Amino acid sequence: MRFLQMLWKKYTLLCILALTSLPLTILGWTGRSGLYSGYEFTPLTQPGLTLVMEGIHDGVYPWGDMFKPKEEEAEKGAAEDSAALLTSEGAAEEAVSAQSESETGTEQTAAASTASAGAASTASAGAGTTAKASAQSTTQYSEAEDAEVEKVETIPANAVHGDPDTIPDGVCNPVMQAEDYDVVNVAFLSPDDTEYNTDTEGIFAKNGIYFMLGPVDETYFADALFIGDSRTVGLCEYGSLKENAAFLAKESVNVYNVLDKELWFTDHDGEGWDYTVEEALKYETYGKVYVALGVNELGIGTTYMYYEKYRELLELIREYQPDALIYIQGIMHVSENKSRSDSCRNNTVICQRNYAISTLANGRDIYYIDMNPYVCNANGDLIEDLSGDGIHLKASAYERWDRSLMENAIVIGE
Amino acid sequence: MVLFNSLFFLFRFFPIFLIVYFITPARFREVILFFGSIIFYAMGAGYMALGLTVLTIINYILGQMVFSADKGGVKEKNKRAFYIAIFIDAGSLILFKVLSGLTDKVVLPLGFSFYLFKMISYQADLFRGEITRRPDIIDTVVYFTMFPQVTQGPIMRWNNVGFEKRERTVSVKAFNDGLFFFVLGLGMKVLLADPLSTLWNEIGKIGYESISTPLAWMGAVCYSLRLYMDFWGYSLMAAGIGMILGFHFVVNFIHPYWACGIADFYRRWHATLGAWFRDYIYIPLGGSRKGKLRTVLNLLVVWVLTGLWHGITPNFLIWGGVLAVLIIWEKFVVGGLISRFPIIGHLHVWLLIPLTWVIFAITDLKDLLIYFERLFPFFGSGINVNTGDFMKQAMVYWPFLLVSLLLCTPHWYRLIVKNRRKMPVILILTAVFWISVYRIVISASNPFMYFSF
């Protein structure tokens, strides 16, 4: 006791630091396979207390598990109820989602450990398998849920987009191609027989109207809403459309968190306030909704998970805006230096993801447009001079994005 | 590179090293320090640690030949060894600087500019007879390689940290003070310098041609503060570690932004580097004792070399040149005025130093010119400037700018240092430590935090 008193008196700061780190370390170590099992933990280089801090950052508090068991039990009960209805399908779904989570892990680790094309392609093959498995499970699920719905149509990812049979001759296919710039060959993009589920039932607006790509002026955007991340923030601040269109954007949003966050909303008159996506969609009726999301989640999840989340967002937009044209904007590429130095944020992955989301377009009321030809060189790399950080356009280069939007708008083709 | 502000250093390397260091009997502690330092260096620089070891041994051997026990005259033999040593040290420094500047294939080894300067000063001190006791091998290798200083300085001198008299004492007081300075430095680096870096990157992201003039000035101030908080913070951490291990505190920054004039600023900024150039270049060249013309020439030489030491791109040359001109201007033209009205000296520092840091920061000359056009908009107009950009950034970054500005005045710092053993300050430091660790954890688990789009 005397010794401790002496220690405290002599080394106060050291003692306080040691005393405060002790509970954090214990919490981290005890929770490492429970509360914090989702976090990577390498004790050799990382103290246990980092787990607690990462948890706090993600809203997982150490005292959280005191309340957790109750919730889990409730969930369990609910799960049992529904299990009676769903029988084996539910379990299958769970298994698949678990698998897809583990695949994410593989992809991230593989991507982090090496930037070599070999490893990246292995990871993407993994993603492909998951995609397939998951797609099938969705099919089964909807069959089980509603026998009246006709069998979900799935088409190969490399099929022609749109519905060629219903588009009259003379109207060009209004969906832009997701350019691969020869950096990704088709075999790599869609390993073996990857199938993207194109069940867009409920997303479609009225039939019978056909559109084509054509040039427009600024007034076209008077009823447009742009949803996106910091790149769209830049478009709002430095583009020429800010006086016409409405914007809903914020730094660091991605398809996984965009629905939960409050974003900065700027309406057509230039007034701004915080809004969630849902609030902004309820606020008024838009003629066009442009979506540009995808750069923040390049290191998160697989391409298929990204695609699925993107699709959920489109479904939400369609729910609130049944008559709007939806534009999927392909992810803008990054510069060559950035692409080469980053195992996740590179143009190969971007091409792959653009390809996946381009399949969500249907050529009737959902379109895929791609600005990359306006800002990239022949290799598909963002031109270095146009960007200060290799990821965002410089203020002086937003004019190119504006131009791509104005030259590639959907106009009615009677 | 193992940074002091990394989790691995804070929670693995440093505590384990300290335990081993303190349970080892005092006379073997240097050996532990040497091996710990080599491990530390190798973890950051890999096989370059071999280069450091070889250079250390060569310098030790040559140093033994340079050292002359009898005070009187320098023998031919000593002279030859000294020239060989300088040739090897300065030669390899110049060679690597030039090669790494010209090609991407050669990388300047970690801390190269710092430890080679230490080696040169060691040989010069031996040659001049300023080191009176023959250095033994363990002191020498520890001096060159010690991990608190090997990667980013300060450029500690043999005589002023207790090597000369072997007066190294581990004490409770020194340990506590060392820990205090370490945590203080950590906070400056993580909680101030890093957010300010984000602001500076934000300006690059917009593109210099499109920033408003107020934002351009905020950028210049921001970069000046960032560099200060980063480097001062680092120096405090290094000095703190040194104190914990039993060395003297190495002074590297003496409130430079409180200086009266540019020359005064550089006596206070990165003081160990300035003193090195003064003692081993400026004074041997004759200093200011050989007439006005030679003084001007000597100042130019020193500042051009200082510029090149930082990097061999043209902007560093301009940076050094501009500083030389400013210092000459102060010395010969407005010197009297400044001593009568110190405010002129302060204004020099507050207005001109940030501008020189802009030259320091922007390596591309075309971009540099554009930035100056935005600082002084009568030379040209920007492209697609958003006049609201200043307010947007100011709203986010004002707390970091404000606290950094407060730390530029000596008063706040002195107040904290004076009360460092009092409970409120200890509690504040505890908070600083944990918030810093939290920031480090979040940025480590999310390496793209600073690039959150």
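Two residues are in contact if their C-beta atoms, placed from the backbone, lie within 7 Å. Keep that in mind and select chain A: among its contacts between residues at least 6 apart in sequence, 70% join residues at least 24 apart.

Before going on, some housekeeping. This is a predicted model, where local features need pLDDT of at least 70 and side-chain atom pairs count only at pLDDT 80 or more, while totals for chains, interfaces and linings use all residues. Residues are numbered from 1 along each chain as its sequence is written, and chains are lettered from A and ligands numbered from 1 in the order in which they are written.

Still on chain A, switch to cartoon view: you have 14 helices and 11 strands (DSSP runs numbered from the N terminus, H or I of at least four residues for helices, E of at least two for strands). Chain A has 414 residues, and 41% of them count as buried (20 or more other C-beta atoms within 10 Å of a residue's own; 12 or fewer is exposed, in between is partly exposed).

Next, show where the chains touch. Chain A puts 32 residues into the contact and chain B puts in 31. On the chain A side, helices H2 (12–30), H3 (49–57) and H8 (230–238) each give two or more residues. H2(A) has the largest share, with 6 residues. By type, that side of chain A splits into 11 nonpolar, 13 polar and 8 charged (nonpolar is Ala, Val, Leu, Ile, Met, Phe, Trp, Tyr, Cys and Pro; charged is Asp, Glu, Lys and Arg; the others, Gly among them, are polar).

Now move to chain B and select H8 (172–206) with H17 (389–408): their axes come within 9 Å and cross at roughly 155° (lines fitted to C-alpha atoms over the stretch in contact, angles from 0 to 180 degrees between N-to-C directions). H8(B) and H17(B) are therefore roughly antiparallel (over 145 degrees; under 35 is roughly parallel, 65 to 115 roughly perpendicular, the rest oblique). Show side chains: residues of H8(B) including Leu192(B), Leu199(B) and Ile206(B) meet residues of H17(B), among them Tyr397(B) and Phe400(B). The residues of this contact are 8 nonpolar, 2 polar and 2 charged.

Which residues of H16 (365–375) in chain B are buried? Pick out Ile370(B), Tyr371(B) and Arg374(B). Helices H9 (213–245) and H15 (342–361) of chain B are among what covers them.

Last stop: Ala431(B), in helix H19 (423–445) of chain B. Ala431(B) counts as exposed because it has 12 C-beta neighbours inside 10 Å.
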